[in-house]
Amino acid sequence: YEFLRNTVLHEVQHAVQKREGFVAGTTINKSAINRALDRRNNAMIDYNNYITSFAENLDTITSALPQEARQKWDNMLETNDPVTPVGKAIDFLANNLHKEVPINKWVLTGDRFRDIVARKVEAENYYREVEDREYENYRRNQGEVEARKTETNSRKTQEEIDSSNVF
């Protein structure tokens, strides 16, 4: 009941603002958030595709490791026990073992991994920044401030309203 009541009061206040020519309310810019979300999702797809592809080739890659690096890899597997091929691929790359592989294309693959991870992290941060910014723009809009104040004042007595800062 309280939520519905507050929503009606909030929206009626916006109707009054419009009719009286005051600053109207606004909405959160969903299109900006959705563009940032698409960017984040595309980065995640690239990351997942890369890791999956790398995991599928991991046996071939690890077989090319020099003895010392192979021992390090075997020790990691015993210690960390990654259960899935993707988990193994992430461990392999995160521990820079790709640098030990004497095949140039896999060394380049490690650099590509760093680029993909950086892009994924940047896209996640950008999404959070856009979402926070758009919410803050909505929250600070004068019409929205006034509509929220209407909700708050509806729970006060007239005496409480008169003695407080209404706006």
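V16 lies in helix α1, which spans residues 2-20. Helices here are DSSP runs of H or I with at least four residues, numbered from the N terminus. This is a predicted model: local features need pLDDT of at least 70, side-chain atom pairs count only at pLDDT 80 or more, and totals for chains, interfaces and linings use all residues. Residues are numbered from 1 along each chain as its sequence is written, and side-chain values use heavy atoms, with hydrogens and water left out.

- V16 counts as partly exposed because its relative accessibility is 37%. The cut-offs are under 20% relative accessible area for buried, over 50% for exposed, and in between for partly exposed (1.4 Å probe, protein chains only).
- L4, V8, V12 and V16 make a nonpolar surface patch of about 340 Å². Patch residues have over 30% relative accessible area and no salt bridge; nonpolar side chains (Val, Leu, Ile, Met, Phe, Trp, Tyr) are joined within 5 Å, like charges within 9 Å.
- Areas come from the Shrake-Rupley method with a 1.4 Å probe; for residues, only the protein chains shown count as cover.

**Nonpolar core**
- The largest nonpolar core has 18 residues, and Y50, I51, F54, W73 and F92 touch the most other members. Helices α2 (30-56), α3 (58-63), α4, α5 and α6 each supply at least two residues of this core. The most come from α2, which gives 5 residues.
- Such a core is a set of buried Ala, Val, Leu, Ile, Met, Phe, Trp, Tyr and Cys residues joined through side-chain atoms within 4.5 Å.

**Aromatic pairs**
- The structure holds 2 aromatic pairs. W73 and F92 form one that is edge-to-face, at 5.2 Å centre to centre and 85° between the planes. This pair links distant parts of the chain: W73 is in helix α4 (residues 67-80) and F92 in helix α5 (residues 85-94), 19 residues apart. Both W73 and F92 are buried.
- Y135 and Y138 form a tilted pair, with 6.4 Å between centres and 40° between the planes. They are about one helical turn apart, because 3 residues separate them in helix α6 (residues 104-140). Y135 is partly exposed, at 43% relative accessibility.
- Rings of Phe, Tyr and Trp (its six-membered ring) pair if their centres lie within 6.5 Å; planes under 30 degrees apart are stacked, over 60 edge-to-face, and the rest tilted.

**Charges over rings**
- R40 lies over the face of Y127, 4.6 Å from the ring centre. The charged end of K120 sits over the ring of Y47, at 4.7 Å from its centre.
- The test is NZ of Lys or CZ of Arg within 6 Å of the ring centre and within 35 degrees of the ring normal.

**Salt bridges**
- There are 9 salt bridges in the structure. Each is a side-chain nitrogen of Lys or Arg within 4 Å of a carboxyl oxygen of Asp or Glu.
- K120 also pairs with E124 in a salt bridge, the closest N and O atoms being 3.9 Å apart. K120 is buried, with a relative accessible area of 15%, while E124 is partly exposed at 21%.
- E136 bridges to R139, with the closest N and O atoms 2.9 Å apart. E136 is partly exposed at 23% relative accessibility, and R139 is partly exposed at 33%. Elsewhere, salt bridges that share partners join E2, R5 and R155 into one network.
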